[in-house]
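Work through the exercises below with the model open beside you. Try each task before reading its solution.

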2 protein chains.
Amino acid sequence: MTDTRNLTRDALAAMDAADPLAPLRDEFDLPEGVIYLDGNSLGAAPKAAMARAERLIRQEWATDLIKSWNTAGWYELPRRLGNKLAPLVGAGDDEVLVTDATGVNLFKVLAAALALRPERRVIVMEGSNFPTDNYMAQGLVDFLGRGHEIRFAEKDEIMDAIDDTVAAVCLTHVHYKTGHLLDMAAITEKAHKAGAIAIWDLCHSAGALPVDLNGAKADFAVGCGYKYLNGGPGAPAFLFVAKRHQEAARQPLTGWWSHKAPFDFTRDYAPAPALTKFLTGTQPITSLALVEAGLDVFLKTDMAAIRKKSQALTGLFIDLADERLARFGVTVATPRDADARGSQVALSFADGGYPVIKALIERGVIGDFRAPDIMRFGFTPLYTRYTDVWDAIETLAYILDSGLWREARFRAQDAVT
Amino acid sequence: MTDTRNLTRDALAAMDAADPLAPLRDEFDLPEGVIYLDGNSLGAAPKAAMARAERLIRQEWATDLIKSWNTAGWYELPRRLGNKLAPLVGAGDDEVLVTDATGVNLFKVLAAALALRPERRVIVMEGSNFPTDNYMAQGLVDFLGRGHEIRFAEKDEIMDAIDDTVAAVCLTHVHYKTGHLLDMAAITEKAHKAGAIAIWDLCHSAGALPVDLNGAKADFAVGCGYKYLNGGPGAPAFLFVAKRHQEAARQPLTGWWSHKAPFDFTRDYAPAPALTKFLTGTQPITSLALVEAGLDVFLKTDMAAIRKKSQALTGLFIDLADERLARFGVTVATPRDADARGSQVALSFADGGYPVIKALIERGVIGDFRAPDIMRFGFTPLYTRYTDVWDAIETLAYILDSGLWREARFRAQDAVT
């Protein structure tokens with residue numbers, strides 16, 4: 001915990017100057033005069049993305065046309081990018097595919113998990129999770145119609161919710177709202193002892209902190225390409241299938257890319273070996289190819305360095321919030337233990353989180369709001385500076401102190417978006 | 001049928017000069033010296049695509065960042081592009097979404113169809129169809145595990161295969177290999193008389209010929225964005241749900257974009273009204289946005305004009321193939337009745353379709369090969385010229401006459417791709 005009372009902006013500028021990750025900020029095309037603390041929702045644009053898109057559209061699509069499926073490696077992108085992403089999440093070669101959307105991938109791996117535990121009917125999930133996983137699971141359960149039950153448990157209840165009726169434990173590693181980090185290794189171990197399959201959603205942890213899927217013995221995982229991985233708006237997601245499940249596992253979205261001989265055009269489905277059967281069909285190549293521009297930035301550093309800076313940034317934000325914002329009724333809703341949180345900080349402000357965020361955005365500090373009262377700030381060590389933290393808190397304090405947010409509340413009511 | 005014996009290239013050049021669609025060729029970024037007859041597999045790049053990508057990456061993503069979900073209309077793209085595509089396939093407003101991949105959409109609408117006919121267990125499909133639809137249906141049936149059966153029927157057997165045990169008839173309108181066009185209205189009528197749901201895959205017909213989903217009373221449809229619609233490699237696909245089914249229909253891939261209040265982040269799923277419940281989750285925005293560049297070209301003409309030129313191009317190709325290629329053993333595998341085919345022509349050459357296509361591509365005429373013996377050529381009236389047809393046939397005749405293809409066969413065996 002920093003003694004923030006004697007801290008100065010100059011001291012933080014010196015930390016930025018000494019920061020070994022500081023040069024990576026230049027890998028991104030960031031708008032002037034903006035402090036972007038929403039990379040946990042949409043990551044910033046790597047400068048390489050524009051050149052990649054231009055090559056893809058002018059050369060690969062317009063000029064080389066159909067042959068680019070082979071010559072430009074389009075067909076291999078899910079596997080090749082999966083292998084590039086794997087080290088960031090503690091996976092091995094041929095355990096990760098970059099493909100489809102997070103929800104579609106969750107459907108595939110959850111269906112696969114249930115099929116591996118055919119006698120069991122319970123799925124443990126966190127009710128307060130970002131709801132798309134819960135919705136996908138509910139859709140799957142309804143569609144199957146075999147009496148599966150989703151047992152919702154909040155973070156402290158999860159261990160107790162796992163018993164020998166559970167087919168799958170399906171949890172998001174870092175909570176989208178609070179930033180609370182679940183203990184993947186302990187929960188996975190408990191799941192395995194109960195005979196259940198452990199599925200991890202890494203949407204808010206891939207690229208934000210070191211993840212060790214194989215160290216934790218995770219069975220399946222999914223995650224998002226467009227948050228901390230900076231893959232572009234709505235970028236394709238990823239899925240992980242542990243090697244030990246690749247032979248037996250089956251998934252239901254059996255498009256032609258998952259066939260053992262897709263170019264034989266046979267009538268009947270036969271699954272491809274190993275991980276490949278978790279593909280579905282033709283991928284949106286332009287969006288998929290841009291994911292690589294984001295992944296390539298991670299090759300210039302490592303997740304330990306990113307985690308160290310992430311904890312420093314979030315810790316500084318929390319300490320400054322305590323010192324300067326608590327008197328306005330703002331409280332920290334994210335774990336103060338740096339090892340128990342991801343790379344984001346949630347501030348609770350019951351009087352008006354939404355208008356404060358609106359006023360903040362109008363002043364060029366981008367965070368976001370999650371109902372009913374959470375102001376959410378993501379810290380991306382690849383491009384966020386210590387002085388950004390200082391300036392964001394200064395702006396927040398000014399808005400709260402001046403009452404400007406009450407004016408913003410009025411405008412917010414007029415806004416349709 | 002043209003009397004091709006007295007036809008000259010000059011006469012075709014005059015037809016190109018008089019062609020009302022000729023100016024649209026300038027809307028595309030086409031490689032020099034290439035005759036591209038594979039737009040039925042990957043459509044050519046509209047010139048507008050590059051500018052759209054640049055605006056999307058530099059302005060909407062890099063500069064405006066997260067707010068572009070609203071200010072750049074990202075969130076509304078599936079609906080807005082769906083309404084733009086709807087007239088091309090005879091659908092009304094709010095009946096079409098541009099979203100996800102064809103196979104994923106097929107899974108959604110087939111699941112919806114089976115749920116509308118819960119007592120029935122038969123799905124009629126064409127065994128020789130491009131197999132991804134069959135694979136997806138097989139995956140769905142296996143996953144459901146309720147004893148559904150896929151009854152495969154070839155084109156002349158389809159009507160007889162439809163009886164009152166059939167839940168859904170799920171067919172591709174234009175055959176991917178032969179170009180044979182099924183009678184959508186007659187088959188749909190037969191399906192309805194039998195109490196079945198009719199699902200149409202428009203992958204090889206959307207943008208290629210006028211499609212009248214509502215005129216034929218089709219129930220559901222899916223289709224591809226990257227073939228005749230020129231949406232870019234692996235571009236997101238589309239789905240159609242007839243208005244009369246939008247209230248009752250349910251689909252199982254219930255991601256947050258299909259929720260009735262996605263930004264309330266409630267725990268439990270509740271379907272959005274009408275068509276919106278057929279969305280799933282966050283879309284690959286870069287690929288999705290580029291679909292519009294392809295759709296905008298269609299605003300400058302109409303499907304009747306496209307069909308007229310398409311039939312002239314394919315008819316000319318067939319007539320010239322008969323006159324100049326039959327003596328080498330090449331036969332036409334596509335219906336000679338212009339009203340019974342799509343916008344592609346298949347030539348059968350049992351002696352070596354693959355090496356002929358290889359030799360053809362080496363000379364800048366791009367078609368493709370489909371095992372065991374089909375050389376496939378797509379004719380895109382937006383950018384294909386009558387002289388292209390002439391030149392393609394000339395090149396084919398030269399390759400067959402000179403025996404050059406036997407040399408290509410040798411090289412083909414060496415090729416990995």
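**Exercise 1. Is A:Arg79 buried or exposed, and where does A:Arg79 lie?**

Step 1. A:Arg79 has a relative accessible area of 19%. Buried means under 20%, exposed over 50%, and partly exposed in between, with a 1.4 Å probe and protein chains only. A:Arg79 is therefore buried.

Step 2. This is a predicted model, in which local features need pLDDT of at least 70, side-chain atom pairs count only at pLDDT 80 or more, and totals for chains, interfaces and linings use all residues. Residues are numbered from 1 along each chain as its sequence is written, chains are lettered from A and ligands numbered from 1 in the order in which they are written, and side-chain values use heavy atoms, with hydrogens and water left out.

Step 3. Find A:Arg79 in helix H4 (residues 77–85) of chain A. Helices (H or I, at least four residues) and strands (E, at least two) are DSSP runs, numbered from the N terminus.

Step 4. Set aside neighbours within four places in sequence. A:Arg79 then contacts A:Val96, A:Leu97, A:Thr276 and A:Leu279. Contact means heavy atoms within 4.5 Å.

Step 5. Widen the view to the helix. The buried residues of H4(A) are A:Leu77, A:Pro78, A:Arg79, A:Leu81, A:Gly82 and A:Leu85. Their cover includes strand E4 (96–98), strand E10 (238–241) and helix H9 (285–298) of chain A.

**Exercise 2. At what angle do H9(A) and helix H9 (residues 285–298) of chain B pack, and which residues make the contact?**

Step 1. Two packed helices are described by the angle between their axes and the distance between the axes. Axes are lines fitted to C-alpha atoms, for helices over the stretch in contact; angles run from 0 to 180 degrees between N-to-C directions.

Step 2. Here the angle is about 145°, and the axes are 6 Å apart.

Step 3. List the contact. H9(A) gives A:Ile285, A:Thr286, A:Ser287 and A:Leu290; H9(B) gives B:Ile285, B:Thr286, B:Ser287 and B:Leu290.

**Exercise 3. What is the strand order in the open sheet of seven strands in chain B?**

Step 1. The order is E4-E10-E9-E8-E7-E5-E6, with mixed pairing. Two strands pair if DSSP finds at least two bridges between them.

Step 2. Look for the edges. Strand E4 (96–98) and strand E6 (149–152) of chain B each pair on one side only.

Step 3. Neighbouring strands are turned by 20° against each other on average, direction ignored.

**Exercise 4. Which strands pair with strand E7 (residues 166–172) of chain B, and how many of its residues are buried?**

Step 1. Strand E5 (residues 122–125) of chain B pairs with E7(B) in the parallel sense over three bridges. B:Val124 has B:Val169 as its bridge partner.

Step 2. Strand E8 (residues 197–201) of chain B also pairs in the parallel sense with E7(B), over five bridges. B:Ala168 is bridged to B:Ile197, and B:Val169 stands opposite B:Ala198.

Step 3. Count the buried residues. Seven of the seven in E7(B) are buried, so the strand is largely enclosed by the rest of the structure.
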